[in-house]
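Visitor: I would like to learn how to read a few features of a structure. Please show me on a real case.

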Amino acid sequence: MKKVITERDVIESYKTGSKNIAVNSNDIITPLAKEKINDLGIKITTESGKPVRIGSFKVSKIAIGSDHTGFNLKEFLKKILADKSVEIIDVGTNSEDSCDYPDFALSVAYKVTAGEADCGIILDATGIPSAITANKIPGIRAATCYNEFTAWSARNHNNANILVMGAKTLGDESAKSILDKWLTTDFEGGRHQRRLDKITRIEDKLFNKK
């Protein structure tokens, strides 16, 4: 039976003094849980005792969405991801007919926070409005990237879990190079994790009010 392991599960296990969490091949470890596992130094093993590597930015499934302005770029990037053997969850839109970017930005964000995708990609005209929308969801760190350096920084410093790009500000090849850099950059941790923890505390304060 498939089980979703969340950040709360990791914390509760740690509080009991356990330094190990056993999973099976069907279990889903959410992105936030993976971060907490790394932060607390917890070991993940299969039921047979084989260790599971969590440390690097391993992407096997990506949720992707766009509004009408990003539709053609979305289709272009899907081909690139398919060539990398990445499983794609396309939440739409499915044409160039006018639509509203918040609908698709939220769909991608929810796929990521639910652990249904390792990370997400959102496309609109500039990348700005979709990032604003996605970042309303606790646990999401959506970064609008416009060159390889911003893609590297978003991953290495900010552990971004959603890449956002503007279809009207980038050509296909620029978008491809940004995607490649983003997919191959690991989170550095250390002082950057301390700063992300502060963001998490802000989220907890604002969204977990009694």
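## Cysteines and surface patches

Guide: Start with Cys119, which is buried, with a relative accessible area of 0%. Keep in mind that this is a predicted model.

Visitor: How many disulfides does the rule give?

Guide: The general idea is a distance test: two cysteine sulfur atoms must lie within 2.5 Å. Here the count is 0 disulfides.

Visitor: Is Cys145 buried or exposed?

Guide: Buried means under 20% relative accessible area. Cys145 counts as buried because its relative accessibility is 2%.

Visitor: Now the surface. Which residues make the nonpolar patch of about 320 Å²?

Guide: Nonpolar side chains are joined into a patch within 5 Å. In this model, Ile202, Leu206 and Phe207 make the patch. Ile202 sits in helix 8, which covers residues 191–207. Its relative accessibility is 49%, so Ile202 counts as partly exposed.

Visitor: Which residues form the positive patch?

Guide: Like charges are joined within 9 Å. The positive patch here consists of Arg194, Arg195, Lys198 and Arg201. Arg201 belongs to helix 8.

Visitor: Is Arg201 buried or exposed?

Guide: The cut-off for exposed is over 50%. Arg201 has a relative accessible area of 51%, so Arg201 is exposed.

Terms used
Residues numbered from 1 in each chain as written. Predicted model: local features only at pLDDT ≥ 70, side-chain atom pairs only at ≥ 80, totals over all residues. Heavy atoms only, no water. Patch = residues over 30% accessible without salt bridge, like charges linked within 9 Å, V, L, I, M, F, W, Y side chains within 5 Å. Areas by Shrake-Rupley, 256 points an atom, 1.4 Å probe, with all protein chains shown as cover. Salt bridge = Lys/Arg side-chain N within 4 Å of Asp/Glu carboxyl O. Helix = DSSP H or I, 4+ residues; strand = E, 2+ residues; numbered from the N terminus. Buried < 20%, exposed > 50% of the residue type's maximum accessible area, 1.4 Å probe, protein only. Lys, Arg positive; Asp, Glu negative; His and termini not counted. Charge placed at Lys NZ, Arg CZ, Asp CG, Glu CD.
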